[in-house]
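Please view the sequence and the model together.

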Amino acid sequence: MRALVLGGGGVTGVAWEIGLLHGLAEQGVDLTAAGLVVGTSAGSSVAAQVLSGLPLKDLYEAQLAGAGSEIAARMSPGDLLKFVVAGLWPGGRAWLGRQALRARTVPEAERRAVIERRIGDAPWPATRLLITAVEAETGRTRIFDAASGVSLVDAVAASCAVPLVWPPVTIDGVRYIDGGVRSVANADLAAGAAQVVVLAPVTQSARRSGRPAAQVAAFGPSVRSALLSPDAAARAAIGGNLLDPARRRPAAEAGRAQAATEVARLRTVWT
């Protein structure tokens, strides 16, 4: 089985991943033909879009259209510090979740509407898709899939609920925050696959075990794997604010351009 892991990285991470997937497909490497897809935060949104049946070309061109209905936001230095602190001790996730429950943000319904406009109202895809989120009160991980009884829009909204920036998402009376609080990519959920490709717009986390590189290394030599992150040109295109919708177009274009330098390596892993 082949697995595609799509990590978190804000609205620019969505654009970069779609650009990269489109660029690779143009050159004959279609990563969306995976048997398993793991989506975290921005990656959950990308997963829902690329598995919807819409052509990658159309999804890519949508990223070039500007900010669209996305809400501009920025994480403050204090918010970033809380993320780091939360990752350094066992109760950190729940502590951060409680902080998120008290934070002043846009209304939950307004944020959910953005996600619904982004991915549509499609049902869960036929491809096995795992979407990660974290319970705000307890810090426990929740993995949504087609059998979870939760709509795809709600699952993606929960996985994209960046704490302190966006409101926690309510599903069956439980409030959820971003799946990236567990790990920026959750690549370990692809364990058991023979071939794994990880797209990680963000590669750092407070705990080494949560970093994509560490999780990919843990697969061992028997698994053909590759980890792709933004190159220097893509990082410059993305800029310093991952939540800036105005950077969608340059991030998508940089992802598509980066595909040309990655396609040979990806071909050996994927085909």
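Which residues in α2 and α7 meet? Ser44, Ser45 and Ala48 in α2 are in contact with Leu152, Val156 and Ser159 in α7, contact being heavy atoms within 4.5 Å. The model is predicted, so local features need pLDDT of at least 70 and side-chain atom pairs count only at pLDDT 80 or more, while totals for chains, interfaces and linings use all residues. Residues are numbered from 1 along each chain as its sequence is written, and side-chain values use heavy atoms, with hydrogens and water left out.

**Helix pair α2 and α7**

- The axes of α2 and α7 (residues 152-159) come within 7 Å and cross at roughly 155°; axes are lines fitted to C-alpha atoms, for helices over the stretch in contact, and angles run from 0 to 180 degrees between N-to-C directions.
- The two helices, α2 and α7, are therefore roughly antiparallel (angles over 145 degrees).

**Positive phi in loops**

- Most residues other than glycine have a negative phi.
- Ser41, not a glycine, has a positive phi of about 55° and lies in the loop between β2 (36-40) and α2 (42-50); helices (H or I, at least four residues) and strands (E, at least two) are DSSP runs, numbered from the N terminus.
- At 7% relative accessibility, Ser41 counts as buried (under 20% relative accessible area, 1.4 Å probe, protein chains only).
- Asn186 has a positive phi near 55°, sits in the loop between β6 (174-178) and β7 (195-199), and is buried at 0% relative accessibility.

How values were computed. Buried means under 20% relative accessible area, exposed over 50%, partly exposed in between (1.4 Å probe, protein chains only). Angles under 35 degrees count as roughly parallel, over 145 as roughly antiparallel, 65 to 115 as roughly perpendicular and the rest as oblique.
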